[in-house]
Amino acid sequence: MTSVESVDENMIAKIIEYSARNKFIIFLLVFSLFAWGYWALKHTPLDAIPDLSDTQVIIFTEWAGRSPDLVEDQ
């Protein structure tokens, strides 16, 4: 086991221990984050109108001696 893994495990153990000792603070934090997320969900403007029209590309070109219809078909 390297020292980095030991530090990571020690930090995780401290976070779990702190959370277990301070349940009320953790509950308030989780509830606050939930309330903030719900508020953001309700107040974020959305523009969800899909564009169902065909994809169009306009190309300006010249083809000497050909009709516009033939150029469009090609």
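**Entry 1: V57**

I began with V57, which counts as exposed at 67% relative accessibility. The cut-off for exposed is over 50%, so V57 falls in that class. I then looked up where V57 sits, and found it in the loop between α2 and α3. I note here that what I am reading is a predicted model.

I also took the distance from V57 to L28. The two residues are 29 apart along the chain, and their C-alpha atoms are separated by 54 Å.

**Entry 2: Confidence**

As the model is predicted, I looked up its pLDDT next. The mean for the chain is 84, and 93% of the residues reach 70 or more. Where is confidence lowest, and where is it highest? Helix α3, residues 68-73, has the lowest mean, at 77. Helix α2 has the highest, at 96.

**Entry 3: Overall form**

I listed the secondary structure and found three helices and zero strands. Read along the sequence, the pattern is α-α-α.

I then asked what radius of gyration the chain has. The value is 31 Å, whereas a compact globule of 74 residues would have one near 11 Å. Along the principal axes, the C-alpha trace spans about 85 × 40 × 15 Å.

For the surface, I recorded an accessible area of about 7,800 Å² for the chain. Carbon and sulfur atoms account for 63% of that area. I also looked for buried residues, and they make up 0% of the 74 residues in the chain.

**Entry 4: The salt bridge**

I searched for salt bridges and found one in the structure. It joins the side chains of E17 and R21, at 2.8 Å from N to O. In general, side chains of opposite charge can pair when their charged atoms come close.

Why are E17 and R21 separated by about one helical turn? They are four residues apart in helix α1, which covers residues 3-21, and therefore about one turn lies between them.

I checked the exposure of both partners. E17 is partly exposed, with a relative accessible area of 39%. R21 counts as exposed, at 64% relative accessibility.

**Entry 5: The aromatic pair**

A search of the whole structure gave one aromatic pair. The pair is formed by F27 and F31, with 6.3 Å from centre to centre and 20° between the planes. Planes under 30 degrees apart count as stacked, so this pair is described as stacked.

F27 and F31 are four residues apart in helix α2, and therefore they too are separated by about one helical turn. I looked up their exposure as well. F27 is exposed, with a relative accessible area of 51%, while F31 is partly exposed, at 48%. The cut-off of over 50% places F27 among exposed residues.

**Entry 6: The nonpolar patch**

Last, I returned to L28, which lies in helix α2, residues 23-43. L28 is partly exposed, with a relative accessible area of 38%.

Which residues make the nonpolar surface patch? They are F24, F27, L28, F31, F34, Y38 and L41, and the patch covers about 840 Å².

Definitions and conventions: Residues numbered from 1 in each chain as written. Predicted model: local features only at pLDDT ≥ 70, side-chain atom pairs only at ≥ 80, totals over all residues. Heavy atoms only, no water. Patch = residues over 30% accessible without salt bridge, like charges linked within 9 Å, V, L, I, M, F, W, Y side chains within 5 Å. Areas by Shrake-Rupley, 256 points an atom, 1.4 Å probe, with all protein chains shown as cover. Salt bridge = Lys/Arg side-chain N within 4 Å of Asp/Glu carboxyl O. Helix = DSSP H or I, 4+ residues; strand = E, 2+ residues; numbered from the N terminus. Buried < 20%, exposed > 50% of the residue type's maximum accessible area, 1.4 Å probe, protein only. pLDDT = per-residue confidence, 0-100. Rg over C-alpha atoms; globule rule 2.2 N^0.38 Å. Phe/Tyr/Trp six-rings, centres within 6.5 Å; stacked < 30°, edge-to-face > 60°.
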